[in-house]
Amino acid sequence: MDFSQALVDAVRAAVGVPAAAYALAAVGLNLQFGYTGLLNFGQVGFLLVGAYGTAITADHGLPLPLAFLVGVAAAVVLGLILGLPTLRLRAEYLAIVTISAAEILRLVVRSRPLEGFTGGAFGIREFADAFYNWNPIPSGEYGVGNVTFSDRTLWVMLVGWTLVALTSGLIFLLVRSPWGRVLRGIRDDENATRSFGKNVFAFKLQSLVLGGSIGALAGILLAVDAQFTNADYWQSIFTFFAFTVIIIGGVGRVIGPVVGSMLFWFLLQGADTLLQQALADSFFGSKLGPTEAGPIRFALVGLVLMLLMIFRPQGLFGSRAETLIEEP
Amino acid sequence: MGRWVRPRAGATRFVLVLALLVAPALLRTSTAAAQAEGPAITGRLVQNGKPVPGVKITVKRGRTPIGTTTSDATGIWRVPVGAGGTYQVTLDRKTIPKGFKLADADRTTLPSVVVQSEGDKFVLFPFGEAGPSGPSDFEELLNLAVGGIKFGLIVALAAVGLSLVFGTTGLINFAHGELVTFGALIAWYVNASGGDGPGAPLLFAGAVGVVAGGLLGGALDLGLWRPLRRRRTGTIALIVVSIGLALFLRHIYLVIFKGNPRSFEQFATQQPWTLGPLSILPKDAVIIVVSVAVLVTLGLLLQRTKLGTAVRAVTDDPDLAESSGVDVKRIILMVWIVSTALAGLGGVLLGTTEAVQWDMGLRILLVMFAAVILGGLGSSFGAIVGGLVIGVISEVSAFWFPTDYKVAFALLVLILVLLVRPQGILGVRERVG
Amino acid sequence: MTDVDGEALETSITAETGPAGVTEPILVAEHVRRSFGGLRATDVEHLDVPEGRIIALIGPNGAGKTTLFNVLTGFEHADAGRWTFQGQEIMGHPPHQIAREGMVRTFQLARALARMTVLDNMKLAAANQRGERFFVALVRPIWRAQERQVEARALELLEWLGLAPLRSDYAGTLSGGQRKLLELGRAVMAEPGLLMLDEPTSGVNPALTDTLLERIGALREQGVTVLFVEHDMDVVTRISDGVVCMAQGRVIAKGTPAEVVADPSVVNAYLGTHHGERA
């Protein structure tokens with residue numbers, strides 16, 4: 001077993017673009033769930049409209065910065081459409097509504113009748129050339145030791161993690177303000193918070209829209225990185241990975257989503273490399289080969305999620321007292 | 001779940017008889033040819049019993065053309081391909097003679113036809129509905145509705161357990177889809193022959209699947225849910241645990257059974273029965289009968305037996321039931337076992353009409369949620385009503401809208417119900433907001 | 001005394017007039033009805049609360065007192081009725097708006113915001129905080145000064161309630177009695193004109209009860225009107241200026257404590273649905 005290779009792969013993954021994107025999605029979700037108590041199971045839908053909003057706009061020849069704005073604006077609109085009728089629902093029902101809405105979006109965007117607009121099942125490709133033209137990094141490979149990245153990937157990583165830092169900073173400012181305090185009040189007891197004169201509905205809507213817009217940034221980042229967006233990528237499992245990320249890092253903590261994402265990707269990739277090696281060596285018997293590494297990893301993610309919720313729901317940095325676990 | 005309009009069964013019988021008479025002559029020539037030329041792709045184009053001649057069919061592999069042919073006077077066409085592999089078969093619509101029409105006008109290309117290294121591969125381009133002998137709107141709607149009833153009953157059967165578990169424990173189990181898959185996979189394994197499994201007949205294999213499902217449910221309650229309930233874990237945490245469980249189970253299935261869709265050995269292809277305007281496959285009729293029988297039995301059990309009364313008591317008020325002498329823990333365990341057994345049965349039935357694969361339960365999870373929420377979470381009768389309504393709406397929507405949107409409609413109903421009448425048609429719990 | 005329309009009212013609850021002479025009642029409710037599945041939970045023909053007084057709302061369990069609170073403050077819908085606060089009609093207003101207008105209620109089961117500190121609980125309740133607006137929140141200098149004022153006031157109130165040493169503790173760790181005090185503190189932070197307390201002393205030990213009652217009395221001196229649900233008749237007679245008794249959703253008696261306690265229909269109501277309370 002080549003642990004050094006696994007380590008290299010794991011470190012690359014922990015700082016790579018997907019980790020940054022998951023961190024962004026988790027920052028948004030943390031605002032909604034960690035601070036406000038909204039069980040948004042449809043976060044991937046915000047990523048989807050961000051990615052498609054940008055891709056479709058850019059594909060029609062409009063300038064890329066405008067396309068980015070359209071992607072974020074689409075998320076704002078989705079948040080309003082979704083939130084206005086549904087935020088009064090209790091947590092479990094909000095979960096079902098949001099997951100259904102995200103799935104409807106995916107099915108619609110994928111459908112044949114809309115193929116001319118969204119690319120149907122084939123998606124949209126090569127719409128972000130301009131982004132790579134802005135890359136100031138000279139061409140070449142950069143990195144430390146065996147952990148290297150091309151200038152192209154490094155550029156996307158730079159932009160991605162900068163976004164993570166900026167949005168985390170934004171959340172940091174907000175949760176320390178009276179606005180953030182109201183969110184935490186809503187998380188604990190909506191009716192008590194109403195009895196102090198706070199318009200609970202308005203605050204929930206703001207949290208949903210802001211969290212969703214940050215999620216849209218994640219979607220845009222992923223789509224730009226792959227120069228491709230396609231409906232089948234934006235499945236509900238993504239939202240659940242984002243939940244795993246924030247639970248690992250610590251629900252309701254600003255640093256949680258960032259550390260959670262890096263650790264998640266570190267472990268996921270490291271496990272993948274090790275598993276691939278073990279399976280290639282028939283470590284688990286001859287019936288399982290390297291192609292099984294992928295599903296085994298995801299099964300482990302499921303197991304880890306369960307164990308986390310049962311034994312350490314506050315994750316790494318959360319406080320047990322503040323975690324949504326036991327009924328009061 | 002795609003549906004093409006079926007030609008009337010009378011015409012089908014005529015074609016079958018004709019084929020039986022003509023086949024020996026055809027077989028003689030075609031097998032000889034096959035042996036000489038290697039494998040081929042072939043088909044017969046018919047509409048309502050009438051052959052469709054003169055249609056140009058092209059076979060390609062990637063960008064390389066392999067061969068072209070035209071359907072003959074009996075509608076038969078055949079293109080030798082020389083070797084096994086994956087091919088694209090395209091039908092040239094412009095060569096379709098007047099009076100004939102493809103059943104699905106968009107489906108002129110079959111993008112990945114897998115051919116073995118020996119033998120002919122038969123592919124289908126269905127034709128229909130060109131002349132007055134085509135099925136009427138009423139017939140089409142009727143058959144779609146019956147399809148919807150069948151699908152809805154399967155969903156109801158699979159989902160009633162979801163409702164029962166919610167009613168008695170308050171848990172919305174996001175892993176319920178995986179329990180449906182479990183029954184189907186176990187049944188497939190027991191049914192599979194040729195080295196994959198024991199090769200038992202489907203009836204027996206299905207029963208094993210159902211029993212296995214029940215056992216899994218019991219194990220989950222004893223090993224996972226009961227300890228968590230004892231700790232008074234909150235509902236949100238339980239939901240997240242069920243999501244982790246779903247992820248875990250689903251990918252274990254993927255590892256063990258791999259990703260390719262499979263089907264049961266028996267009842268794979270059948271000829272439909274006709275009762276007037278209605279055209280239904282025998283296995284679909286069986287599904288309907290079995291589902292109704294099981295659901296009615298369940299209903300009677302819940303209403304008429306002591307056990308059923310206890311279950312209803314626990315659903316209404318667990319504390320009150322406890323103090324009235326009901327062993328709530330035992331009742332919950334029984335509910336879990338029955339629920340997952342039913343889910344397993346739903347999976348087995350689903351596997352006769354759709355592919356048996358690792359994520360088949362996940363694919364219908366949201367539809368199951370739609371059914372139980374529409375009917376009212378906690379009410380098993382509601383699950384039946386909800387399932388039927390969702391099934392019919394989503395299947396019948398194909399009459400007006402492209403089939404791409406069938407599931408989306410079901411989900412739209414779900415969202416609307418939660419917004420307008422969250423307790424559903426027959427709801428038990430009132431607090432939704 | 002006349003009501004807002006100039007029509008003569010029924011005998012008002014208290015025999016005396018208010019501090020400034022004859023005053024309008026701060027709360028007037030008429031024909032308020034609320035039914036649950038055939039059962040009349042609330043059926044109040046007329047209720048008025050004079051300004052600047054402490055009025056106790058008594059009655060056996062199930063009399064509909066909390067339902068009345070919920071309906072008047074917008075937490076539940078009424079089937080019918082008309083009620084005004086400081087002369088304004090407030091039927092149909094959402095609960096947060098009614099609270100902002102000055103009618104603040106507490107809950108029977110103290111809803112401590114368990115995952116927030118005691119101090120945060122108090123600061124949350126303060127009214128008119130600029131920093132609660134989203135865009136303003138991003139610019140700290142705009143709300144920093146007000147936040148300091150809010151914190152100072154919160155600490156002052158916590159001192160007044162005797163909860164100051166607990167200010168950094170999570171509210172979930174407080175005892176039942178301490179939570180009730182916190183409820184009161186939060187409600188006062190919200191700058192109420194009318195304070196509606198739902199069983200403020202239930203579960204509170206006698207020493208803390210004394211503190212509570214003293215604080216409630218002090219509020220009256222500051223011009224706050226108090227309407228509170230209470231089961232303990234000792235408490236009622238100690239601090240209330242007037243008493244309203246409900247049973248089975250209806251008002252069955254009102255007047256001074258002495259009058260109501262002696263009223264035979266009140267005695268019957270309690271004896272009839274006796275739950276171990278002293279009548």
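**Figure 1. The contact between chain C and chain A in the predicted model.** In this predicted model, 30 residues of chain C are in contact with 24 residues of chain A. On the side of chain C that touches chain A, at least two residues each come from α2 (95-101), β6 (103-105), α3, α4 (134-137) and α5 (140-161) of chain C. By class, this side of chain C comprises 17 nonpolar, nine charged and four polar residues.

**Figure 2. The contact between chain B and chain A.** Here 42 residues of chain A meet 40 residues of chain B. Three helices of chain B, α5 (235-257), α10 (360-375) and α12 (406-420), each contribute at least two residues to the side of chain B that touches chain A. The most is given by α5(B), with 16 residues. Sorted by class, the residues on this side of chain B are 30 nonpolar, six polar and four charged. Two pairs of chains touch, and the pair with the most contacts is that of chains A and B.

**Figure 3. The separation of chain B and chain C.** No contact joins these two chains. The closest C-alpha atoms of chain B and chain C are 12 Å apart. For the model, the ipTM is 0.89 and the pTM is 0.81.

**Figure 4. The overall make-up of chain B.** Chain B contains 12 helices and 11 strands. It has 433 residues, of which 44% count as buried. Among the contacts in chain B with a separation of 6 or more, 74% are between residues 24 or more positions apart.

**Figure 5. The crossing of helices α6 and α7 of chain B.** Two packed helices are described by the angle between their axes and the distance between the axes. The axis of α6 (residues 282-304) of chain B comes within 5 Å of that of α7 (residues 306-316) of chain B, and the two cross at roughly 80°. Angles of 65 to 115 degrees count as roughly perpendicular, and α6(B) and α7(B) are therefore roughly perpendicular to each other. From α6(B), the contact involves L301(B), L302(B), Q303(B) and R304(B); from α7(B), it involves L307(B), G308(B), V311(B) and R312(B). The residues of this contact are four nonpolar, two polar and two charged.

Figure 6. W336(B) belongs to helix α9 (residues 328-353) of chain B. Leaving aside residues up to four places away in sequence, W336(B) touches V165(B), G217(B), G218(B), L220(B) and D221(B). The C-alpha atoms of W336(B) and G214(B) are separated by 7.5 Å, although these residues are 122 residues apart along the chain.

**Figure 7. The confidence of the prediction along chain C.** The mean pLDDT of chain C is 85, and 89% of the residues score at least 70. Confidence in chain C is highest in helix α3 (residues 118-125), at a mean of 95, and lowest in helix α10 (residues 264-272), at 82. Over residues 14-21 of chain C the pLDDT stays under 50, and the model has 12 contacts beyond four places in sequence for these residues. The pLDDT is also below 50 over residues 274-279 of chain C, a stretch with eight contacts in the model beyond near neighbours in sequence.

Conventions: Residues are numbered from 1 along each chain as its sequence is written. Chains are lettered from A and ligands numbered from 1 in the order in which they are written. This is a predicted model: local features need pLDDT of at least 70, side-chain atom pairs count only at pLDDT 80 or more; totals for chains, interfaces and linings use all residues. Two residues are in contact if their C-beta atoms, placed from the backbone, lie within 7 Å. Helices (H or I, at least four residues) and strands (E, at least two) are DSSP runs, numbered from the N terminus. Ala, Val, Leu, Ile, Met, Phe, Trp, Tyr, Cys and Pro count as nonpolar, Asp, Glu, Lys and Arg as charged, and the others, Gly among them, as polar. A residue is buried if 20 or more other C-beta atoms lie within 10 Å of its own, exposed if 12 or fewer, and partly exposed in between; C-beta atoms are placed from the backbone. pLDDT is the predictor's confidence in each residue, from 0 to 100. Axes are lines fitted to C-alpha atoms, for helices over the stretch in contact, and angles run from 0 to 180 degrees between N-to-C directions. Angles under 35 degrees count as roughly parallel, over 145 as roughly antiparallel, 65 to 115 as roughly perpendicular and the rest as oblique.
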